[in-house]
Amino acid sequence: MGGAPSTPRNTGTDDVSVAEYLIATFVGEKSFPLASDFWNKLLELPLSSRWPSDRVHQACELFAQSNGYTRHLAKLLIHLSWCLQELLEASDAQASIYKKAVNATYISSVFLKHLIENGKSDSLEELHLSLDESEPVPHGFVMDQDIQNFVMHSVLSFIGSTEVSPNSYVLHQELLNFMLVTMSTQLLSGPSPGPGDSNPFIDAAMAQEKSIVCLAVRRLLLNYISRHRTPANAKSYMYSDGDSPGILERVGSAAATFVLLPLNYLVNNSGDGSKNPLAERSLHVLLILTNYHKSIMSDESMTDKSDDSATSESVSKVHVFSAGNTFSKALANARDVEFDRSDVEGNAHPGPHVRIPFASLFDTLGMCLADEGAVLLLYSLLQGNSDFKEYVLVRTDMDTMLMPILETLYNASMRTSSNQIYMMLIVLLILSQDSSFNSSIHKMILPSVPWYKEHLLHQTSLGSLMVIILIRTVQHNLSKLRDVYLQTTCLATLANMAPHAHHLSAYASQRLVSLFYMLSRKYNKLSELTGDKLQSIKISMSGEDDCVSEDLAAELQIFTDFLRLVLDILNAILTYALPRNPEVVYAIMHRQEVFQPFKNHPRFHELVENIYTVLDFFNSRMDSQRTDREWSVQKVLQFIINNCRSWRGEGMKMFTQLHFSYEQETHPEEFFIPYVWQLAFSRCGFSFNPDAINLFLVPHQVEIGDGRGEEEVEGNEKVQEQRIVFDP
């Protein structure tokens, strides 16, 4: 019973037939015990064989039928764990052990993926992650241990404890692909995680010891920072020898030529390949792990006694609560390897924690922020890790991080996903909550901004550029997207920045006044339409007109709030920073007629009153100095600068300074889990049966793993709007 099948003689040119025979045996009905030599033969197959995709599919179908009896998936996972443990324990691991580990990882990934995406039961019973009670097991193996826990312990331990080297590179990448496959059970559930969801492998990952979790998170971050290139000795494994030699293909499996199984079985290779596949996969595995959410149901029995009855009734009260995420906590508690604030303050937290070079992480993020995954990692760090956020805020080169974000927002209409725009705007909002950030960005002068085409920006401060881009985003949204949440985020960030404005540029000041004018025109138009509609309702008394009127009234209220917010922004600059911003005064004086209709408006007059206090101050002094000669732009600006020195703010009404802060909703996972998986499909080339996906809407015309369609993006945006709240 412990023997292995006899294999065809290998003449040196017969590797494919040997491999085909062993794979056919693996998916067949005969069960081989853990100690059988069959497993060594299977895992020692050469890394250069190929097999047509239809044969792979046929093998997977046969495996799905036989695995319940043979339990070969469970046994293969155990052998994978043993290989990894052997590599961890060996001081000088042999290449043959690496080869066996790579084979075990990849074969497990192929067949496990098929079982997951074609599973029929909610509890994924088809995986059969246990051994038969009659199974003879080697000495020292605990029969009743969870196999998913056993394998995840080994995988995470190897990833966390082993440096990436030319010899270990392929195995590291295969293990990350294996992680993606094991965690893909999330795709079968809806966007709102429930207690009934079955995610055995990712739950096992969450149950690992804190030390293993911290090592794994550290390695994933270091992989992302280091951006290892494919080593030369792995190219025969990573590259195809087919019609396009010398071109790195997109690989979700990392194998273009491997154990009978073709590249396109695990992956979709129709897009551009990543130059740093290990970094990409490390990032997306980390994002999936840190955004995982498990709901747990508790059943509390309560005794209900009524006054008019001697009997008591047991009432069951069900509570659903969230289990903790150890990976999210590890990322939130990551510390700088060069400086740890807790060490200085003498209140260091006990136990293991992640230590990484914040400087390298900052620089890497700055280089990669055009990518959505990098933006999401930056958001996670700023939102959850106070040490990293503080590190970012004290950097003197904020342009490293801000310029890629501002350029992406500038080019937002060029196929940038709306979710990416949202996340970037939230990052800016989080940063703008800090007064030192708002002050420092005005001190950094940019010699030029070559990608900004509408206006020549020369010697512009980073703060002025940020104001310009935020206003441009608002104006673009007003004409195209009409997204209230996006508007609010932009205006909230501008409101946070306003009191700290310093030498705002002429162009930024002009755009700010133009924004008020644009919103005022929209407001006036809506006011007229609302008035006309109310008049027609009185005449017709139609229920349909009633609904239209309510919609108009709601839109009018939104633009009322927007207009007040822009007036608040102008008031904050004039109240707290007028002497430092002569260009703002000039822009208001130049377009003072746009404020006239609101001077006595019941909803705006108190905010416009301060603007007219400023206008009266400068207009009266200008009138007293008028001569027959004309006032040039430079002369008017110099006049304003001179008179700013005598400005004391007399007559200005002091309003409560607005401060907006970002708060994450109570169930952020409903947005982030679908989002991170969409990114994994887009960037890692991971493929999955579209008909099996319930996590997010899959447009039929968009093939999963082949980029992102507009419909897919829009389907997820609606969730995002509900995930963010603001506290003024």
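1. Does Pro-352 count as buried, partly exposed or exposed? Because its relative accessibility is 36%, Pro-352 counts as partly exposed, where buried means under 20% relative accessible area, exposed over 50% and partly exposed in between, with a 1.4 Å probe and protein chains only.

2. This is a predicted model, in which local features need pLDDT of at least 70 and side-chain atom pairs count only at pLDDT 80 or more, while totals for chains, interfaces and linings use all residues. Residues are numbered from 1 along each chain as its sequence is written, and side-chain values use heavy atoms, with hydrogens and water left out.

3. Pro-352 is found in the loop between α14 (341-345) and β6 (355-356), helices being DSSP runs of H or I with at least four residues and strands runs of E with at least two, numbered from the N terminus. Leaving out residues up to four places away in sequence, Pro-352 touches Lys-210, Ser-211 and Cys-214, contact meaning heavy atoms within 4.5 Å. Its C-alpha atom is separated by 9.2 Å from that of Ile-212, 140 residues apart along the chain.

4. Helix α22 (residues 484-497) is mostly covered, with 12 of its 14 residues buried, among them Tyr-485, Leu-486 and Met-497.

5. Phe-595 is in contact with residues including Val-513, Phe-516, Leu-567 and Tyr-612, leaving aside its neighbours within four places in sequence.
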